[in-house]
Amino acid sequence: MTNKAKPTILVTGAAGALAQQVINRLRDDYHLVAVDFREQVYLGDDIPSYCIDFNKRVFEDLFRRYEFEGVIHLGRIMSSQETRMRRYNANVLGTQKLLDLSHKYGITRVVVLSTYHVYGANAYNPALIDEEAPLKGAGLSMDLIDSVELENLANIYLWRYPDLNITVLRPCNIVGPGVRNSISTLLASRRAPVLAGFSPMMQFIHIDDMADAMVLAYRKNQRGVFNVTPDDWVSYQHALQLCGCTRIPLPSIPPVLPRTIARLLNLRSFPPYLMLFFKYPVIIDGRSFRDTFGFKPKRPLKEVFRYYRENKQPV
């Protein structure tokens with residue numbers, strides 16, 4: 001590709017490990033502009049990088065200046081980070097601003113990263129959850145409301161502005177080198193809490209495979225909402241065992257008890273709003289993404305667990 005022919009993509013959440021993997025896969029074929037509202041990151045002399053709040057006026061200046069073809073939106077603040085209000089401003093209002101500007105400036109491709117947490121965890125979930133299932137996450141916890149609202153926003157814009165060609169990806173647990181989410185912290189710890197009497201089935205996707213999925217989704221222009229997951233799953237307690245973690249059983253009833261203990265022990269990787277995900281299985285059906293995009297994960301679970309077994313963090 002000659003330089004003039006290279007389209008320009010805006011990548012949000014540039015400080016995150018997943019965004020950096022995606023950027024490395026795209027940098028040869030596209031001009032990339034990276035933004036993050038937490039910090040400015042250096043990604044090489046060829047990639048302009050900005051620390052910008054999406055709700056500030058200067059954010060629009062980037063759209064005027066760079067004439068983006070597309071946006072890859074990875075800038076969702078996880079529920080374990082920041083205060084609830086700051087998360088809401090960034091995840092919901094920030095995403096709305098991003099989509100409004102994308103429409104205003106004629107962007108023709110948007111990929112949005114969501115999470116399987118939007119489905120919520122409860123005893124009545126079907127064995128395999130497909131993309132048509134209701135999003136019950138907000139009903140279970142105030143801390144998941146911004147994740148569900150971000151999704152709802154993306155869905156509204158998906159149908160209201162077909163020219164944006166929005167693809168929403170709902171991955172299972174993303175794990176591997178550089179990932180700093182709750183489940184990754186648990187797998188990397190020497191001692192990890194479990195709810196006594198419960199060991200729900202869980203799905204894990206290696207960060208390399210998830211980065212491949214994001215790039216596939218961008219390159220193959222297919223609007224819609226897709227679960228992203230490998231075909232296998234494993235019980236939570238067995239996963240901890242394979243990662244070399246010592247399990248700490250917490251009493252699971254009454255429900256307030258494990259939350260209180262987790263708070264007293266300062267177990268940040270076992271937050272109250274995710275407690276039900278360690279109780280009930282949430283297994284998502286990834287066939288639609290696999291068939292539509294020809295997605296084949298390359299990293300097996302044993303490789304993921306070996307990484308955590310060999311890279312333990314003291315807790």
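A residue is buried under 20% relative accessible area, exposed over 50%, and partly exposed in between, for a 1.4 Å probe and protein chains only. The model is predicted, so that local features need pLDDT of at least 70 and side-chain atom pairs count only at pLDDT 80 or more, while totals for chains, interfaces and linings use all residues. Residues are numbered from 1 along each chain as its sequence is written, and side-chain values use heavy atoms, leaving out hydrogens and water.

**Exercise 1.** Classify the ring pair Phe54 and Phe59.

*Solution.* Rings of Phe, Tyr and Trp (its six-membered ring) pair if their centres lie within 6.5 Å; planes under 30 degrees apart count as stacked, over 60 as edge-to-face and the rest as tilted. A search of the whole structure finds 18 aromatic pairs. For Phe54 and Phe59, the centres are 4.6 Å apart and the planes stand at 15 degrees, so this pair is stacked. Phe54 has a relative accessible area of 1% and is buried; Phe59, at 0%, is buried.

**Exercise 2.** Classify the ring pair Tyr307 and Tyr308.

*Solution.* The ring centres of Tyr307 and Tyr308 lie 5.0 Å apart with planes at 75 degrees, so the pair is edge-to-face. Tyr307 is partly exposed at 27% relative accessible area, whereas Tyr308 is buried at 2%.

**Exercise 3.** Identify the ring over which the charged end of Arg109 sits.

*Solution.* The criterion requires NZ of Lys or CZ of Arg within 6 Å of the ring centre and within 35 degrees of the ring normal. The charged end of Arg109 sits over the ring of Tyr218, 5.9 Å from its centre.
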